[in-house]
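I opened the model to look up its sheet, its helix packing and its chain contact. My notes follow.

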Amino acid sequence: MAKIVAGVFTSHVPAIGAALDNGKTAEPYWQRVFGGYEKSKEWIAKVKPDVCIVVFNDHATAFSVDIVPTFALGCAEEFIPADEGWGPRPVPVVKGHPELAAHIAQSVILDEFDLTIVNKMEVDHGLTVPLSLMFGQPDEWPCKIIPLAVNVVLFPPPTGNRCYNLGKAIRKAVESYPEDLRVAIFGTGGMSHQISGQRAGLINSEFDKAFLDALATDPGKAVGIKHVEYMREAGAEGIEMVMWLVARGALDEEVNEVYRFYTVPASNTAVGHLILENKVA
Amino acid sequence: MEKPKKEYDDIPGTTIFDADQSRKGYGINMFCMSLLKAENRAAFKANEVEYLKPYKLTPEQTESVLKRQWIRMLELGGNIYFTSKLGATDGLSFQQVAAMMTGATQQEYADMMLAGGRSVEGNRRKSEWEHKNG
């Protein structure tokens, strides 16, 4: 049977991708960021997931304001890295796992989570930056990827509680898939940041660190955070953190914290990163 | 009937992109979306006024785009992930557009971020900004 072995949580700042793609990783500013992922790369090379479910948000790339799905599961064979206005990132095409994705879609829809199914989707930095941080710059990504896009652009996003419970339903779906697959789930976005308006540049390390603590030891506390609190305390775009709760919901209540990293800033954003493993992996 | 106040209305210096804003800003956002294609970026740069016409922007929205009034675009229904594509067309990064919105120079903004960013203290509610501005 398939099983979820771990959760990876990370910011997905576009400037991180640009720094990597333009060969700036050795600069002190960026070394501070990339240095924080060296252990993570070693860890994931050992864990070798067969599939990663990546919970991310599209930033007006695949979805305009014509159609805004709250949860959209990528069921395609592959997903092409998008041109977000600066040209496409030079990263490998993202290979999907259509069979497992279709199984998850069916299972969670019957569990009353009405996902949108996407059979064609270009993927932006929200998805590819976390892959770059965890896997570096390979010729091909070392595992299959199932993208789960969450709307956090048009207010309101789904609640933290809804995200958490969707995570639980995804776990149930994965665990009822007959093939022996090791699955990791990524929660991406955040942490505190605001890139719009006169208040742009807002960072709240205290909030972020409390969120990381809650995720590791007391997820219920993070689940209860209201949208207005994210926006007021962690910046208008800090609300992306609800996506971490999907990944957290797919893990055990009690987990082992494998690794944690936090630094300010990458461009406009606080970079947070956490790896949690289920105790019986 | 007057619409009820929104609980996020009192966050200072912030326009939340909700359904009301999205309805107002459909044209701005779809125009910005078109800039994902390199040929459209070139066509826009060649004749901005002409390029905007099919998007049926209001005169205020058109002016905000042509004058690159980044905050006004958001107030008139634009969303930052869309308007940043206009920034990209101008060769600007997210951080450069953000700095412009705050009124700081690029250097001041970058320095603020390196020093840990804008503190949430004094920046939670509009009343705190009114107090600050006398």
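I began at Val55(A), which stands opposite Gly187(A) in strand 8 of chain A. I took pairing to require at least two bridges found by DSSP between two strands. Strand 2 (residues 51–56) and strand 8 (residues 182–188) of chain A pair in the parallel sense over 5 bridges. Elements are DSSP runs numbered from the N terminus: helices are H or I of at least four residues, strands are E of at least two.

Before going on, I noted that this is a predicted model, where local features need pLDDT of at least 70, side-chain atom pairs count only at pLDDT 80 or more, and totals for chains, interfaces and linings use all residues. Residues are numbered from 1 along each chain as its sequence is written, while chains are lettered from A and ligands numbered from 1 in the order in which they are written.

**Sheet**

I traced an open sheet of 8 strands in chain A, in the order 6-3-7-2-8-1-10-9, with mixed pairing. Its edge strands are strand 6 (116–118) and strand 9 (255–266) of chain A, each pairing on one side only. The twist averages 20° from one strand to the next.

Next I checked what packs on the sheet. Contact here puts the C-beta atoms of two residues, placed from the backbone, within 7 Å. Axes are lines fitted to C-alpha atoms, for helices over the stretch in contact, and angles run from 0 to 180 degrees between N-to-C directions. Helix 6 (residues 160–175) of chain A touches strand 1 (3–10), strand 2, strand 3 (71–74) and strand 8 of chain A. The direction of helix 6 makes about 145° with that of strand 1 of chain A. Helix 7 (residues 205–217) of chain A lies across strand 1, strand 9 and strand 10 (269–278), running at about 10° to strand 10 of chain A.

**Helix pairs**

How do helix 6 and helix 10 (residues 242–249) of chain A pack? Their axes are 6 Å apart, at an angle of about 30°. That makes helix 6 of chain A roughly parallel to helix 10 of chain A. For angle classes I used under 35 degrees as roughly parallel, over 145 as roughly antiparallel, 65 to 115 as roughly perpendicular and the rest as oblique. Among the residues that meet are Cys163(A) and Leu166(A) in helix 6, and Val242(A) and Leu245(A) in helix 10 of chain A. The contact divides into 8 nonpolar, 4 polar and 2 charged residues. Nonpolar covers Ala, Val, Leu, Ile, Met, Phe, Trp, Tyr, Cys and Pro; charged covers Asp, Glu, Lys and Arg; the others, Gly among them, are polar.

I then took helix 1 (14–21) of chain A. The axes of helix 1 and helix 5 (residues 125–135) of chain A come within 9 Å and cross at roughly 55°. That makes helix 1 of chain A oblique to helix 5 of chain A.

**Chain contact**

I found 33 residues of chain A in contact with 43 residues of chain B. Helix 1, helix 9 (227–234) and strand 9 of chain A each supply at least two residues of the side that touches chain B. Helix 9 of chain A gives the most, with 4 residues. By class, that side of chain A has 17 nonpolar, 11 polar and 5 charged residues.

**Chain B**

Chain B has 10 helices and 0 strands. Its C-alpha atoms fill a box of roughly 45 × 45 × 20 Å, taken along the principal axes.
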